[in-house]
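Please open the model in a viewer and keep the selection panel at hand.

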Amino acid sequence: RLMYEDWLDNILDGEPTLITYRQLVIIESMIDRTSLDSTEKNEILTNLNNYTELEAEEIIKKIFENEIKTDPKDQWKEMFKAGVFDS
């Protein structure tokens, strides 16, 4: 049985699944490498065990969207996309 089938069953049953261990690890390990303000980071970490799987996916998406790149190559790509080098 595929994971998405379990997810769909849980939605249809009306009982949302809680955050998965994988999601918890991703959020905890990456949140400090984001441009989110400290209040938002603290709020996320304080409520971490109370999130549903769907809420956790939204948070992970937000983390990746606001990730601060540490590799200069990745920084250059982001700056290029943002038009920093346009004349």
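Throughout this tour, a residue is called buried under 20% relative accessible area, exposed over 50%, and partly exposed in between, with a 1.4 Å probe and protein chains only. The model is predicted, so local features need pLDDT of at least 70 and side-chain atom pairs count only at pLDDT 80 or more, whereas totals for chains, interfaces and linings use all residues. Residues are numbered from 1 along each chain as its sequence is written, and side-chain values use heavy atoms, with hydrogens and water left out.

**Salt bridges**

Begin with the charged pairs. A salt bridge here is a side-chain nitrogen of Lys or Arg within 4 Å of a carboxyl oxygen of Asp or Glu. The search of the whole structure finds 3 of them.

Select Glu40 and Lys62. These two residues form a salt bridge in which the closest N and O atoms are 2.3 Å apart. The pair links distant parts of the chain, 22 residues apart: Glu40 is in helix 3 (residues 38-46) and Lys62 in helix 4. Helices are DSSP runs of H or I with at least four residues, numbered from the N terminus. Glu40 is partly exposed because its relative accessibility is 23%; Lys62, at 33%, is also partly exposed.

Next, select Arg22 and Glu57, whose closest N and O atoms are 3.2 Å apart in a salt bridge. Arg22 is partly exposed at 47% relative accessibility, and Glu57 is partly exposed at 33%.

Then select Glu67 and Lys69, a salt bridge with its closest N and O atoms 3.5 Å apart.

**The nonpolar core**

Which residues touch the most other members of the largest nonpolar core? Select Ile19, Ile27, Ile44, Leu48, Tyr51, Ile59 and Ile63, from a core of 14 residues. Helix 2 and helix 4 are the elements that give two or more residues to this core. Such a core is a set of buried Ala, Val, Leu, Ile, Met, Phe, Trp, Tyr and Cys residues joined through side-chain atoms within 4.5 Å.

Centre the view on Ile19. Beyond its neighbours within four places in sequence, Ile19 is in contact (heavy atoms within 4.5 Å) with residues including Leu24, Ile27, Leu48 and Tyr51.

**Helix 5**

Finally, select Met79, which lies in helix 5 (residues 72-81). Met79 is partly exposed, with a relative accessible area of 35%.
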